[in-house]
Amino acid sequence: MKPLKIAMMSMTHGHTRKYYQTLIDNPKLDWVAVSTANNEVKKIFLDSISGIPCYDSEMEMLNAHPEIEAVVLASENSEHFRQMKLCAERGIHILSMKIPTFDMSEYDKMIDITEKNNVVCQIELEMHYNPVIARLKRLVSSGEIGKIRSFNATNITLSPVWAFPWQGVPEKSYGKRVPLKQGDSRFRGGALCDHPHIFDMVRHITGSDFDIVYAEAAPNIRPDIEEEDMLSVIGKMKDGTVFSLDPSWSKMEERLKIPGPGWEVFPKRMEVNITLNGEKGTIMADCFGPNVYHSGLPKNRYTVQYTYFDEWIGMIDEFVDNIRNNKTPLINLRWHRRTIEAMNAVYESISTGKSIKF
Amino acid sequence: MEILQKKLDFLLKKYSIQVNAVLKDKKTVIIDGRELPIFPHRSERRFIELKKIVQEGTLDGISAMRAMEIAEKTSDIYEILYRELDLCEFILGKSIKSVMAMENENVLNTVAVADDGVVCTVEIAATLKKREPPKDKHEVISRSGIACDIVVDAQLKPDSIYVFGEENQKFTDTDFELFGLSEKETAVVRAAFAAAKNKNFDDLIATDKRLCALVEKSKKSAYSGKKESIAV
């Protein structure tokens, strides 16, 4: 199979670095170029990777490399629609970050423009390529715990706003400045916007759709950011499964400009745990464990050192297969729309103090 | 109950507490003819320590508490909710002002909000086979850090001793004075003894009444799909 000629845009997203190794190693890819949104991310990229042409503008890159077949939109949420339009109209396939947009009208335009131009648009929800999730799905489908009665999950991390400042700007993260609720000085765009995975996974694991969503925002543990960092979500799926989802930034961090050793204040920077309670028993899963631990440099703090799985390998393999064999991605724009609607319902519930019925 | 009563009698005698205290069951003691709720969970060492961490300033700027319990299939999920809501109020030293609950047969998820906006999430399931020890976790999240009764990066609590012999065994002994009792049994005896010693009978009854009201509101919420408020 001919290697896919791929590029990256913006390089401002927190997941940007995750692609470096895969784009270099994967024999199905030919990494052609990148364009960077600003000098800061340009320097970070050039300090990390050599031999890949780096441009200051998307147009400059696309004009210089008409051979580009696909682009990873590694950008802030507010840039996604413009970049998708740019790529789709040129027939370039798209790998979008996990939140295409929270504006549902804009979302529908994304569906329209990618379908009209017959390009693959895959959403980056990498948990689907995680081996613990693969085992979990197998256990569920084999009937190990019978019908699922509840799906409880955490997707909790430190806050990325110091390293990726756009995530702390409501207009760039949520798309506009919307107060969290009356009398609250915070705005939409925080932890919830960073953590769609468990809203997606409850749909995949149960095979059902959202019925009712209720949420509460807790007081921020970072009072100096203007978005929510702590929230709790419960609800019910149409098949009766109840859920509890924690998408908070509940792990405290050092305010580093570039993520690296010493980022953690709390020993563990990230957790995705899923507990499934069924009619015949319970399954508890830690999607990123077990790990190793150290109390070494730079802070001599007890720290969880991840023994990461590389979800990006499987995800990129699927992306290439979708393009070369004209397949629809597992996580496509139409599938993902309901997940984004549910996340908007969380904000609506926080705002109104009421449960939101679908 | 016989062994628990013997241990309770031992403590009463040792510390010269002059009352007639009879354990009715693992949640109730009759002291000088008065039937009292005892909240055994409040006597578990881990919860006493979590309470200290929260209320003596180790944690500052509390934001949220997360509680989870998975129990035997035959357990009453609302009885577990009673205990977990009490633990939220006991550990945080706050009163819950609203509850929203979602129920599905043997599972129950609840979000409760305290009078100062702290959000408590309680996840309950009754799914385990008979005699399987309950799995639980309690975590308090604040501006200054996190307190939890489970070690970082683990899903389950460890035990003090593991034996890998002809028959694998594990032990967690937490009380020398009451050695031989399980953690839960120890808590029952300690709670009954505390009631006998402190004689705070009216407080115990008022707390029980308030928790029963919280549970009723939760049932109502689970039925209606609406948040229920409680007078604080």
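A salt bridge is taken here as a side-chain nitrogen of Lys or Arg within 4 Å of a carboxyl oxygen of Asp or Glu. By this rule A:Glu216 forms a salt bridge with B:Lys227, with 3.4 Å between the closest N and O atoms, and 5 salt bridges are found across the interface of chain A and chain B. The model is a predicted one, in which local features need pLDDT of at least 70 and side-chain atom pairs count only at pLDDT 80 or more, whereas totals for chains, interfaces and linings use all residues. Residues are numbered from 1 along each chain as its sequence is written, chains are lettered from A and ligands numbered from 1 in the order in which they are written, and side-chain values use heavy atoms, with hydrogens and water left out.

Contact (heavy atoms within 4.5 Å) between the two chains involves 47 residues from chain A and 37 residues from chain B. The buried area, defined as the accessible area (1.4 Å probe) that two parts lose on being put together, summed over both, is about 3,400 Å² between chain A and chain B, with carbon and sulfur atoms giving 58% of it. Of the area that chain A buries against chain B, 18% is supplied by A:Arg149, A:Ile234 and A:Met284, more than by any other three residues. Between chain A and chain B, 19 residue pairs are in polar contact, both residues being at pLDDT 80 or more; a polar contact is a pair of N or O atoms within 3.5 Å, where within protein one must be able to donate a hydrogen and the other to accept it, and residues adjacent in sequence count only if both atoms are side-chain atoms. The side of chain A that touches chain B divides into 19 nonpolar, 19 polar and 9 charged residues, where Ala, Val, Leu, Ile, Met, Phe, Trp, Tyr, Cys and Pro count as nonpolar, Asp, Glu, Lys and Arg as charged, and the others, Gly among them, as polar.

Within chain A, the domain assignment, which is automatic or from a database, gives domain 1 (4-126) and domain 2 (128-307 + 330-357). The centres of these domains of chain A, taken over C-alpha atoms, are separated by 24 Å, and the contact takes 29 residues from domain 1 and 27 residues from domain 2. Together the two domains of chain A bury about 2,600 Å² between them, 61% of it on carbon and sulfur atoms. Across this interface of domain 1 and domain 2 of chain A the rule finds 4 salt bridges. A salt bridge also joins A:Lys98 and A:Asp194, whose closest N and O atoms are 3.5 Å apart.

Helices (H or I, at least four residues) and strands (E, at least two) are DSSP runs, numbered from the N terminus, and a residue is buried under 20% relative accessible area, exposed over 50% and partly exposed in between (1.4 Å probe, protein chains only). In helix H9 (residues 197-206) of chain A, 9 of the 10 residues are buried, so the helix is largely enclosed by the rest of the structure; the buried residues include A:Phe199, A:Met201 and A:Ile205. H9(A) is followed by A:Gly207, which has a positive phi, near 70°.

In chain B, B:Ile150 lies in the loop between strand E9 (145-148) and strand E10 (161-163), and B:Ile150 counts as buried because its relative accessibility is 6%. Neighbours within four places in sequence aside, B:Ile150 is in contact with B:Asp136, B:Lys137, B:Gln155, B:Leu156 and B:Lys157.
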